[in-house]
Amino acid sequence: MNLSFAPMEGLSYAEYRRIHARLFPGVDQYCAPFLAPDGQGKVKTSALKDLLPEKNADLRLVPQILCNSAGAFLALSRELEAMGYREVDLNAGCPSGTVVPKHKGAGMLLDHRSLDAFLEEVFSRTGLSVSVKTRLGLSGPEEFPAVLEIYNRYPLSELTVHARTRDGLYQSTPDLNAFALAMEASKAPLRYNGNILSPAHAASVIARFPTLERLMVGRGAMANPALFRVLKGGEKLEKEELQAFLEALFAAYLDGGIGEHFSLNRMKELWYYVHNMFPGAERELKRINKARTKEDYRDAVRALFASGRFDPEACFPGAMPR
């Protein structure tokens with residue numbers, strides 16, 4: 001099984017990817033958090049720095065672009081190509097309310113003619129491999145056949161299908177009946193995404209589609225950084241290695257010049273997912289969330305790990321794909 005780490009905005013940046021790959025091998029491909037270029041294809045210098053080859057050594061990393069202008073997509077693609085990248089991914093799945101009304105992310109699925117024209121211009125003018133991460137549609141899975149027909153007109157290097165509509169956000173149950181159409185008809189290599197929160201979730205998808213060879217995992221891996229290892233038959237997460245991972249990540253943020261305040265915020269965002277492995281530890285977790293200095297944060301984390309409240313099998317609530 002080929003496993004891809006989903007792009008997690010605000011979380012899966014270079015420091016995270018580097019430390020995760022060192023401590024928890026098993027990821028075949030990391031997809032970077034999306035770049036959102038302006039009309040000329042320009043992005044902040046800091047965003048490109050996250051993709052510098054020296055920051056991502058020994059990783060297979062695919063940059064992702066969020067935009068609805070083929071010209072901007074191509075301009076940024078050329079810049080990424082100059083950095084050494086040979087593949088870029090189009091984000092046609094982000095469901096954010098600040099993105100969709102601009103016809104970006106899942107908003108690209110609002111207008112099939114525009115989506116088709118975008119892809120036609122991109123594929124006629126680029127020498128890079130282009131993959132797409134998409135939703136089923138805006139509001140109903142009945143939209144997906146027309147969306148898939150458009151994708152099938154172009155030589156996508158890969159099609160990742162998040163098996164929800166935009167309106168389903170991240171709360172609805174992924175629709176495996178709709179994904180079945182992609183399994184039958186997609187001309188591009190296909191990757192499944194949606195609610196792979198545990199080995200049981202992955203097993204339910206593979207049981208339905210035994211020939212499926214590619215999965216993308218996001219929130220489940222944020223909750224349990226060893227999930228990729230477990231999915232490939234490795235050992236379950238140990239408390240000590242989780243503690244070492246979190247400390248290595250926090251130290252990397254601080255040493256990287258991000259600043260104490262922003263480093264704390266990044267760690268607290270990660271704890272939104274990780275905390276599920278500590279059932280009954282509400283008091284200790286609240287201490288982490290209230291920490292305002294690195295010393296207070298580290299003291300709170302040590303207290304949590306000393307509490308004995310650790311269950312690596314726990315994951316946050318999420319319906320099994322159906």
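Helices are DSSP runs of H or I with at least four residues, strands are DSSP runs of E with at least two, and both are numbered from the N terminus. The views below show a predicted model.

**The largest pocket and its lining.** The volume of this pocket is about 770 Å³. Its lining comprises 35 residues, and those nearest the centre are Pro 7, Met 8, Tyr 170, Arg 219 and Tyr 273. At least two lining residues come from each of β6 (129-135), β9 (214-217), α8 (219-223) and α11 (260-274). Helix α11 supplies the largest share, 3 residues. By class, the lining of the largest pocket consists of 16 nonpolar, 13 polar and 6 charged residues.

**The second largest pocket and its lining.** A volume of about 630 Å³ belongs to the second largest pocket. The number of residues that line it is 21, with Tyr 13, Ser 46, Ala 47, Asp 50 and Arg 266 lying nearest its centre. Helices α1 (14-23) and α2 (45-49) each contribute at least two residues to this lining. The most comes from α2, which gives 3 residues. The lining of the second largest pocket divides into 11 nonpolar, 2 polar and 8 charged residues.

**The largest cavity, with residues of β2 and β5 in its lining.** The structure has 1 cavity of 30 Å³ or more. The space within the largest cavity amounts to about 40 Å³. It is lined by Gln 29, Cys 31, Val 62, Glu 87, Asp 89, Ser 131, Glu 158, Thr 160 and Met 216. Strands β2 and β5 each provide at least two of the lining residues. The classes in the lining of the largest cavity are 3 nonpolar, 3 polar and 3 charged residues.

**A salt bridge between Arg 125 and Glu 121.** Side chains of opposite charge can pair when their charged atoms come close. In this view, the side chains of Arg 125 and Glu 121 form a salt bridge with an N to O distance of 2.6 Å. Both residues belong to helix α4, which covers residues 112-125. They are 4 residues apart, about one turn of the helix. In total, the structure holds 13 salt bridges.

Definitions and conventions. Residues are numbered from 1 along each chain as its sequence is written. This is a predicted model: local features need pLDDT of at least 70, side-chain atom pairs count only at pLDDT 80 or more; totals for chains, interfaces and linings use all residues. Side-chain values use heavy atoms; hydrogens and water are left out. On a 1 Å grid over the protein atoms alone, a cavity is a set of points where a 1.4 Å probe fits but cannot get out, and a pocket is an open set with protein on both sides within 12 Å along at least five of seven lines; lining residues have an atom within 4 Å of a point. Grid points are joined across faces, edges and corners, and a volume is the space filled by probe spheres set on the points. Ala, Val, Leu, Ile, Met, Phe, Trp, Tyr, Cys and Pro count as nonpolar, Asp, Glu, Lys and Arg as charged, and the others, Gly among them, as polar. A salt bridge is a side-chain nitrogen of Lys or Arg within 4 Å of a carboxyl oxygen of Asp or Glu.
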